[in-house]
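Visitor: Could you walk me through this model?
Guide: Gladly. Here it is.

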Protein chains: 2
Amino acid sequence: MKNTILVVGSVALDSVSTIHGSTKRALGGSAVHFSISASRFSPVKVVGVVGEDFPVPFKRFLKRRNICLDGLEVMPGRTFHWKGRYDRDFKNARTIATELNVFRHFNPKLNGDHARCGVLFLANIDPDLQRGVLSQMAGPRLVACDTMNYWISLKRASLVKLLRDVDLLFVNEEEARQLTREYNLMTAARKILKMGPSGIVVKRGDSGAMLFYGRQVLSIPAHPIEKVVDPTGAGDTFAGGFMGYLASAGDWRDFDALRRAMSYGTVMSSFSVEDFSVKRVGSLSSSEIRARYDKYVDALSIK
Amino acid sequence: MKNTILVVGSVALDSVSTIHGSTKRALGGSAVHFSISASRFSPVKVVGVVGEDFPVPFKRFLKRRNICLDGLEVMPGRTFHWKGRYDRDFKNARTIATELNVFRHFNPKLNGDHARCGVLFLANIDPDLQRGVLSQMAGPRLVACDTMNYWISLKRASLVKLLRDVDLLFVNEEEARQLTREYNLMTAARKILKMGPSGIVVKRGDSGAMLFYGRQVLSIPAHPIEKVVDPTGAGDTFAGGFMGYLASAGDWRDFDALRRAMSYGTVMSSFSVEDFSVKRVGSLSSSEIRARYDKYVDALSIK
């Protein structure tokens with residue numbers, strides 16, 4: 001179980017429209033995007049909740065991908081549904097509707113198999129729930145979490161408490177600033193490192209990503225994309241590639257392993273934006289991943 | 001003269017204020033930032049104009065740095081003066097005053113030494129003047145130019161004409177979009193490549209830089225900076241490092257040389273923002289440049 005990842009987060013139906021088209025009630029949610037990406041590298045178990053309307057084909061789709069759904073609770077009612085629209089620049093999603101439905105009552109309970117997973121990823125949910133999950137674990141070797149502006153402003157104290165026990169934090173630039181009230185990203189990152197985590201991954205969209213680990217700083221570019229179709233889930237797909245690789249890598253504290261994890265995160269998220277929902281990442285061949293990874297890494301190797 | 005760079009652009013006095021302080025009538029201008037950066041790699045000759053008020057110590061400062069000022073005309077009147085302020089995010093400069101002064105009458109005339117330079121950099125000036133300079137050259141082996149939103153909207157036809165005879169174009173993302181009326185950067189770049197240049201360098205500030213060369217695309221990150229003091233001239237300093245290295249590299253069409261040029265541009269511009277005016281780049285030791293270049297390139301080399 002050392003390399004098995006437990007992810008706790010949302011399983012959702014997404015209705016998204018962009019300049020390139022739209023989807024209705026497509027497979028989505030942070031735990032889903034994370035899992036599909038991570039499962040290319042390591043076994044994944046999901047803890048989440050769906051309503052009775054959650055399509056059986058979606059469950060089958062996930063199970064076929066080395067993703068254990070024993071922890072996917074089905075509650076009376078409807079599945080979490082998010083409806084949003086992106087502008088031409090794909091920077092900001094405009095939320096049209098957020099129907100929490102059964103997700104409002106999400107109270108994750110782990111079984112023994114979940115508790116013994118070596119790696120834990122706490123996707124973006126209420127920090128009280130994130131702490132509740134962590135307290136049920138039997139000493140994982142690597143704990144990472146994500147969060148968002150909403151929790152930083154509403155449940156700051158709980159989030160700060162959680163960070164003491166987390167190894168890696170995933171944020172975007174705005175969240176790093178909001179959490180530390182510090183504009184400069186380098187200074188903000190150093191402040192967060194003092195709050196507990198050993199490492200911080202800052203996701204910067206088409207500006208790439210940064211890793212702060214101890215005194216080391218790594219900035220890497222995004223993989224250039226010809227046509228962005230739908231950025232929904234790109235951050236979770238990044239985290240999935242990152243954590244999936246890292247869980248398989250043995251010593252995750254090795255900076256070379258962390259650099260490869262950053263690159264796999266970048267590559268997986270570059271695929272995810274090329275189509276709606278999980279279409280692209282859910283149908284990738286291993287050789288496609290390998291080829292893009294090699295291309296990405298080779299381009300950055302300046303001789 | 002094969003490796004000597006001729007740069008034609010502004011020589012200015014800048015009064016800049018940022019959250020970290022301010023300067024009054026400090027050394028600035030595109031040709032100046034470019035030259036100081038480029039001269040670390042290749043000999044540079046400047047063609048520009050200043051007024052009678054241009055301080056003698058500034059001339060001495062430039063001459064000491066392998067920069068030939070034979071083409072720096074002194075006209076009756078005052079030197080171009082720009083006054084601006086940056087907000088906390090350093091993204092947009094707010095112009096408080098632009099006093100063109102003698103620069104309004106700038107009409108670059110080359111002598112025989114200028115005309116025989118192997119490499120030409122046309123900094124951001126009126127495309128009519130850029131074309132006038134190019135027509136005076138005796139067959140340079142590499143021609144690059146910069147431009148800005150102002151010329152793209154006001155002198156589009158002249159700029160498009162110039163691009164037919166230019167090897168490399170330096171722009172930022174907005175300029176690439178404005179020039180092509182195409183939002184997607186990759187598509188915009190391909191459209192520009194059809195207009196004449198073999199390569200396009202897109203400067204993206206703290207998001208790094210991209211190079212489009214034929215069918216190849218390279219995206220590289222910025223070098224992470226602890227404290228940005230003044231971003232004025234960062235783009236010209238980037239171009240200086242890029243062109244300076246490339247002029248010294250023999251075959252500039254070699255993609256490995258272009259990738260190293262991108263890295264030297266990144267490194268030089270990362271120094272430039274660490275202090276006001278040309279203070280940091282103008283006082284760098286070769287070992288400082290080498291050390292940061294090695295650090296930058298090593299970090300990106302993912303094993």
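Some questions and answers on this predicted model follow.

Visitor: By what turn can chain A be laid on chain B?
Guide: The superposition gives an RMSD of 0.0 Å. The shift along the axis is 0.0 Å. The two copies are thus related as by a two-fold rotation axis. The turn is 180°.

Visitor: What share of the contact residues of chain A recur in chain B?
Guide: The same surface serves both copies. The share that recurs is 96%.

Visitor: Which are the edge strands of the open sheet of 9 strands in chain A?
Guide: The order is β6-β5-β1-β9-β10-β11-β12-β13-β14, with mixed pairing. An edge strand here pairs on one side only. The edge strands are β6 (67–75) and β14 (216–220) of chain A.

Visitor: What is the bridge partner of V202(A) in β13(A)?
Guide: Strands β12 (residues 199–203) and β13 (residues 209–213) of chain A run antiparallel, joined by 5 bridges. In β13(A), V202(A) is partnered by M210(A).

Visitor: How far apart in space are L185(A) and V202(A)?
Guide: L185(A) touches V202(A), along with E173(A) and A176(A). In sequence, L185(A) and V202(A) are 17 residues apart. C-alpha to C-alpha, the distance is 9.2 Å.

Visitor: How many residues of α10(A) are buried?
Guide: Helix α10 (residues 255–272) of chain A reaches 26 Å, close to the 26 Å expected. This helix is mostly covered. Of its 18 residues, the number buried is 14.

Notes. Residues are numbered from 1 along each chain as its sequence is written. Chains are lettered from A and ligands numbered from 1 in the order in which they are written. This is a predicted model: local features need pLDDT of at least 70, side-chain atom pairs count only at pLDDT 80 or more; totals for chains, interfaces and linings use all residues. Helices (H or I, at least four residues) and strands (E, at least two) are DSSP runs, numbered from the N terminus. The expected span of a helix is 1.5 Å times one less than its number of residues. A residue is buried if 20 or more other C-beta atoms lie within 10 Å of its own, exposed if 12 or fewer, and partly exposed in between; C-beta atoms are placed from the backbone. Copies are superposed by least squares on the C-alpha atoms of residues with pLDDT of at least 70 in both. Two residues are in contact if their C-beta atoms, placed from the backbone, lie within 7 Å. Two strands pair if DSSP finds at least two bridges between them. Lists of a residue's contacts leave out its neighbours within four places in sequence.
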